[in-house]
Amino acid sequence: MRKPIIAGNWKMNNTPAQAKELLEGLKPLVADNKTTEVVVCVPAILIADVKKLIEGTNIHLGAENMHWEESGAFTGEISPLMLNAYDVEYVIIGHSERRQYFAETDETVNKKVLSALAHGLKPIMCVGETLEEREAGVTDKLVAEQTEKGLAGVKDISNVVIAYEPVWAIGTGKTASAEEANRVCGVIRQTVEKMLGSEAAAAIRIQYGGSMKPANVAELMAQPEIDGGLIGGAALKAADFSALVNNQ
Ligand code: PGA
């Protein structure tokens, strides 16, 4: 059985004061949940604060990005060793905003995934098509290719989570239909099966991301291929995020 995983992606939001307010609101609302893994992926500068704020709770800590090198001349970057030092557990890799605005490619995503795993971090690797790619009918091919290239060289997939995020559904209020999201998550699972076998494919958790909210969570989470959500906008409100966590 795959344990559902609901991960917030705060993106470039929240000051320390706002982070505190959000988490103080969230903690009691998710405290009794034993069935879903709850993660908050936060800006690097908030990691130290958030680590303290969630100590002793059932909320897991994640980062939004990292470099693949351990140290060096990479101004502005964060290394896996720095994340290790704060007991960060998850790290989002290759979010579409990083691919779009920060020139990340399947190759850099792969380096980051391999580095994260080598440092005991659990990557949440993002894949997904743009509107143009969807309209051109290449969604399945593209998502399979992103999965293959991103996971190249990975031998043990048990610490990997994949997030399927159609780019046109992110922050737009548009959601992929539950059936379509499920179908593409199935394509990802088949790709993992081809690469690493049926046991790995059956075990890997695949999230849907893109305007997941209280109104559509039940339908999306009822799909057999969807094991969780990567949540942007709705992760910034304790009531909304907890409603996603407590959906079942
Ligand atoms: P959204 O963002 O929930 O605001 O659409 C999801 C994401 O980008 O991870």
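This is a predicted model: local features need pLDDT of at least 70, side-chain atom pairs count only at pLDDT 80 or more; totals for chains, interfaces and linings use all residues.
Where is the place of D87? The place of D87 is in the loop between α3 (80-85) and β4 (90-93), where helices (H or I, at least four residues) and strands (E, at least two) are DSSP runs numbered from the N terminus. D87 has a positive phi of about 55° although it is not a glycine, and D87 is exposed, with a relative accessible area of 55%; here exposed means over 50% relative accessible area, buried means under 20%, and partly exposed lies in between, with a 1.4 Å probe and protein chains only.

Residues are numbered from 1 along each chain as its sequence is written, and side-chain values use heavy atoms, with hydrogens and water left out.

We can now turn to the strands. Strands of a sheet pair through backbone hydrogen bonds, either parallel or antiparallel. In this model, a closed barrel of 8 strands runs β1-β2-β3-β4-β5-β6-β7-β8, with parallel pairing, and two strands are said to pair if DSSP finds at least two bridges between them. The twist averages 25° from one strand to the next, with axes taken as lines fitted to C-alpha atoms, for helices over the stretch in contact, and angles running from 0 to 180 degrees between N-to-C directions.

On one side, strand β6 (residues 161-164) and β7 pair in the parallel sense over 4 bridges, and A163 stands opposite Q207 in β7. β7 also pairs with strand β8 (residues 228-231) in the parallel sense, over 3 bridges, and there the bridge partner of Q207 in β8 is G228. Strand β8 pairs in turn with strand β1 (residues 5-9), in the parallel sense over 4 bridges, and the partner of I6 in β8 is G229.

Next comes the ligand. It is surrounded by 13 residues, of which the closest are K11, H95, E165, G171 and S211, a residue being near a molecule or strand if one of its heavy atoms lies within 4 Å of it. The residues of this shell divide into 4 nonpolar, 7 polar and 2 charged. A backbone N or O atom of S211 lies 2.7 Å from an oxygen atom of the ligand, and a polar backbone atom of G232 is 2.8 Å from an oxygen atom of the ligand, whereas for N9 an N or O atom in the side chain is 3.4 Å from a ligand oxygen atom. The protein covers 95% of the 280 Å² of accessible area that the ligand has on its own.

Two further residues complete the tour. N14, in the loop between β1 and α1 (16-30), has a positive phi of about 85° although it is not a glycine. D106, in helix α5 (residues 106-118), counts as buried at 13% relative accessibility, and D106 and L220 are 114 residues apart in sequence and 27 Å apart in space, C-alpha to C-alpha.

Technical notes
A polar contact is a pair of N or O atoms within 3.5 Å; within protein, one must be able to donate a hydrogen and the other to accept it, and residues adjacent in sequence count only if both atoms are side-chain atoms. Accessible areas come from the Shrake-Rupley method with a 1.4 Å probe; for residues, only the protein chains shown count as cover. Ala, Val, Leu, Ile, Met, Phe, Trp, Tyr, Cys and Pro count as nonpolar, Asp, Glu, Lys and Arg as charged, and the others, Gly among them, as polar.
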